[in-house]
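I opened this model to look up its confidence, its sheets, a helix pair and its salt bridges. My entries follow the structure.

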Amino acid sequence: MRFEAITGQVAQFSGEVLVLGITQGSPALEDTVQVVDAALGQYISGCLNAETSVFKAKPGETLTLPTYGKLPAAHVVLVGLGKVEELKSNQWRRAVAAAVRACKKLKAKTLGMGLPEPVIRALGPEAACRLLAEGALLGQYDFHLRKTLSKAGEDNGESAANGVTDLDVLTVVEPQADRLEAIQRGLRVGQVVAEHTNLARHWVNDSANYVTPTFLRQQAEGIPGLQCEVLDFDAIKALGMGAFQLVAQGSEQPPYLIHLCYKPSGTPSRKVALVGKGITFDSGGLSLKPAASMELMKMDMAGAAAVLATLKAVSALKDLNIEVHGFIPTCENMPSGVSSKPGDIVTAMNGKTIEVNNTDAEGRLILCDALTYAQRQVDPDELVDIATLTGACVTALGKVAAGIMGTSDPLIERLRVAGEQAGEKLWQLPLYDEYKAFLKSDVADLINSGAKGQAGSSAGGMFLKEFVDKKRAWAHLDIAGPAWATSDTPEVPKGGTGFGVRTLLYYLYGWQA
C-alpha cells in the first residue's frame, strides 16, 4: 500500500471508498462529516439514531454505505472511534485497521480518509498519521505465500511475498495545508513500522523447512546501513559457548550467531543490545514435545524475527541517535544420535556449568551464551532479550500480554510504556531471590529447568539473570503468549503477530502516540 496526503475536502475524494471516523457523544457529526451526510440525505445521521441502533460508533465497529452516485466515491465506510473522552492511540490504530478490512471486502484499490478533529486534538497530526499508517498496513496483512493461487485467477506474485494484498493507495485528505508536512512525516514512519512488523509476521508464519537458521542469516546479510557479522558452528565452539553448542548439535541444520549493528552518524546518546531467540523449529529434543504442542513450533524464532525486523526498520528510518546491536542465536532443537541428553552437563561461555535436566528448556541455553557474548562484544548501556521462552507465561498472561522482568526498573518501565504506546501489552513479573533455589543442581552450578508448576516464567528469567553482569541494565521479554494469535482482531489476524517489533521501535525512538 502506498500513502499520500493532499489538501482538500473529504466529500470531494474521488477514489473508490471514503472512510469516516465517527465518535460517540456530542456533537454526533463533525462539520466535514456533516457535508457527506447532507449529500447522502442525512442517511449517516439516521444510522446513528438511538432508536434505529444501526450504527453505535463503538471502537472498531464498521458500516458500509453505497453512495449511489451522490458522492465521487462509490462507498462510504463508517468506523467507530468510541467516546471522545476515551479516545487513545490504540483505539485509533484499531479503527483504521477495521476500516481497511471493510474496504478489502469491497475489493477496493483506493480509499481516502480525513483525520477526525477529536483524533487531531488527542494525538496531533503527526502521531495520528503514524498510527493511521500502522493500522492500515497491519489490518490488511494476509500471509499466503505458499499457496499456488491465493484467490481464483490471482497469481501469487510479489504482493503475496510481503504478506500484503489488495489495497493500493490510501489518501489522507486534509483541509488545512499547514498540517501536510507533519502528516507526511507520520505516514512515512508508520509505514516503516508496520511493514517491518508484517515482515516479522511473515517469517513466523512461514514453515520451518523454509525459515531455517541459514535463511535468517541470509536475511541479515547485506542490509544497507547495518554491519553484519556471522559466527558459524566452529566459531561458536571455539568461543566456549557450550550451552548453545549442546542445543545446536542435534540438528543437521547449521547454527549461527548473527550480530547486526547500527551506528548513527554522530556520537550516540547510548548503546543498546537486543538479543532474540532464534529456534527455527523446536521438537523439544529428546524431551520430545507431544504432537499437538509441536505443531506450531516453527514460531519459536519469533524473538529473532522481532530483533531482525527492528534492526531493518532502524536502517530504513536512519534518524536514530543510538548505537543499536542485534544478536540472534539461531538453530533447531531436534532429536538425533548426537542430541543433548537429560543429565548432560555443559560449560557456558561465562564459565558456569549447567545440568540439562530438560532438553525442551533450550531457549535459555542459547540465550545465556548470546547474552554473555553481547556484553563482552559491545558493553551495552542497556541489554534487552526477547524470546518465546516459557509455556508458563502463556498460562499466567494468556495471549494478551508478554511478561517482562529484569534488573532495571527504569528500563522495564520505559519498555512497558513503549509497549502501551505501540499497542503491545507488557506485564512485569518478579525475579525474587527465592526463585534461585529452583535452579539448584546437585552436580553443577545451575539446572536449566526449575521446579515444575512453580513460577516457570520467573524461573526462566532468573536463569538468564545468572548470565547478566552485575549492575547491567537488563530486561527480559517473554513473548510466548502474544507471539502467535489464535483468533482475529482488526490489526492482528490469526498466526504470527510480529509482537515486539513495535515495542522495540517505540522504545528506541521514544515516540509518543
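These are my notes, topic by topic.

**Ground rules**

I am working with a predicted model, where local features need pLDDT of at least 70, side-chain atom pairs count only at pLDDT 80 or more, and totals for chains, interfaces and linings use all residues. Numbering runs from 1 along each chain as its sequence is written, and side-chain values use heavy atoms, with hydrogens and water left out.

**Confidence**

I looked up pLDDT, the predictor's confidence in each residue, from 0 to 100. The chain has a mean of 94, and 97% of its residues reach 70 or more. I then went by element, taking helices (H or I, at least four residues) and strands (E, at least two) as DSSP runs numbered from the N terminus. Residues 150–162 are below 50; beyond near neighbours in sequence, the stretch has 18 contacts in the model. A contact here means heavy atoms within 4.5 Å. Where pLDDT is low, the predicted coordinates should not be read in detail.

**Six-stranded sheet**

Which strand order does the open sheet of 6 strands have? I read β1-β8-β5-β2-β4-β3, with mixed pairing. Strands count as paired if DSSP finds at least two bridges between them. β1 (2–7) and β3 (62–66) are the edge strands with a single partner each, so one side of each has no neighbour in the sheet. From one strand to the next, the twist averages 25°. Helix α7 (residues 180–205) packs on this sheet and touches β1 and β8 (169–174). The direction of α7 makes about 170° with that of β1; such angles run from 0 to 180 degrees between N-to-C directions.

Inside the sheet I checked β2 (residues 17–24) against β5 (residues 110–113): they run parallel, joined by 3 bridges. V17 is opposite L111 in β5.

**Three-stranded sheet**

Another open sheet has 3 strands in the order β14-β15-β19, again with mixed pairing. β14 (344–347) and β19 (446–447) are at its edges with a single partner each, so one side of each lacks a neighbour in the sheet. β15 (residues 353–356) and β19 run parallel, with 2 bridges. E355 stands opposite I447 in β19.

**Helix pair**

I took α13 (residues 363–378) and α16 (residues 456–465) next: they pack at about 30°, axes 9 Å apart. On the α13 side I list R364, L365, L367, C368 and L371; they meet G460, F463 and L464 in α16.

**Salt bridges**

I counted a salt bridge as a side-chain nitrogen of Lys or Arg within 4 Å of a carboxyl oxygen of Asp or Glu. The count is 24. In one of these, E134 pairs with R93, the closest N and O atoms being 2.8 Å apart. E134 is in helix α5 (residues 125–139) and R93 in helix α3 (residues 89–105), 41 residues apart.
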